Amino acid sequence: PSLLLCTVSSARTSNTIRWNSVKSADGYKIYGAKSNRKFKCLGTVGKKPSKWTHKKLKKGTQYKYYIIAYKKVGNKQVTIAKSLTVYSTTKNGKYGNPSKITVRKKSISVNSGKKIQLRVKVTGKSISKTGKKVRYVSSDPSIATVSKTGKITGKKRGSCTVYCIAQNGLYKKVKVTVNNK
């Protein structure tokens, strides 16, 4: 499956969600809500543009979003990719959003069966404790897996990418090369 990554940027009363295009997608559905509410489908867009703005929001309020890429099969829309949930707080509130993510190493190599810990830091103006959390995704878990804490485990020889993703979708890539023992 293709990796669907989305980021969200905030203004005072709106959030703009951007995402990478998925090759065989016919369109995208945007789901969102205030962070303590249930998700609702907010809109649907075609192949382009790969951005959408949620308007008329309350300032200083946290919202959450995810994107689904779909393909038309007959009369049905079949989901082919789903992004992680991203969170964003509109401006003029107590908390801000992550503005930078720093990874100590851009590429690492690990032997199969061995583990290596990633060092990642999220910074920004007045971020809450949860805003500093990082999520990790491996582009190919058969080559290397990554834990919730950023520990990479080499599975088999090859290379893949590990994405270190901040709460608002800001991300850095780490190239992982797995060697045989």
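Reader: Which order do the three strands of the open sheet have?

Author: Strands are DSSP runs of E with at least two residues, numbered from the N terminus, and two of them pair if DSSP finds at least two bridges between them. In this predicted model, the three strands form an open sheet in the order 1-2-5, and their pairing is antiparallel. Strand 1 (6-10) and strand 5 (51-54) each have a single partner strand and stand at the edges, so one side of each lacks a neighbour in the sheet. From one strand to the next, the twist averages 20°, where axes are lines fitted to C-alpha atoms and angles run from 0 to 180 degrees between N-to-C directions.

Reader: How many bridges join strand 2 to strand 5?

Author: Strand 2 (residues 15-19) runs antiparallel to strand 5, and four bridges join them. Ile-17 stands opposite Trp-52 of strand 5.

Reader: How many disulfides does the rule give?

Author: A disulfide is a pair of cysteine sulfur atoms within 2.5 Å. By this rule the count is zero.

Reader: Is Cys-164 buried or exposed?

Author: Buried means under 20% relative accessible area, exposed over 50%, and partly exposed in between (1.4 Å probe, protein chains only). Cys-164 has 0% relative accessibility and therefore counts as buried. Cys-6, at 5%, also counts as buried.

Reader: What should I know about the numbering and the values?

Author: Residues are numbered from 1 along each chain as its sequence is written, and side-chain values use heavy atoms, leaving out hydrogens and water. As this is a predicted model, local features need pLDDT of at least 70 and side-chain atom pairs count only at pLDDT 80 or more, while totals for chains, interfaces and linings use all residues.
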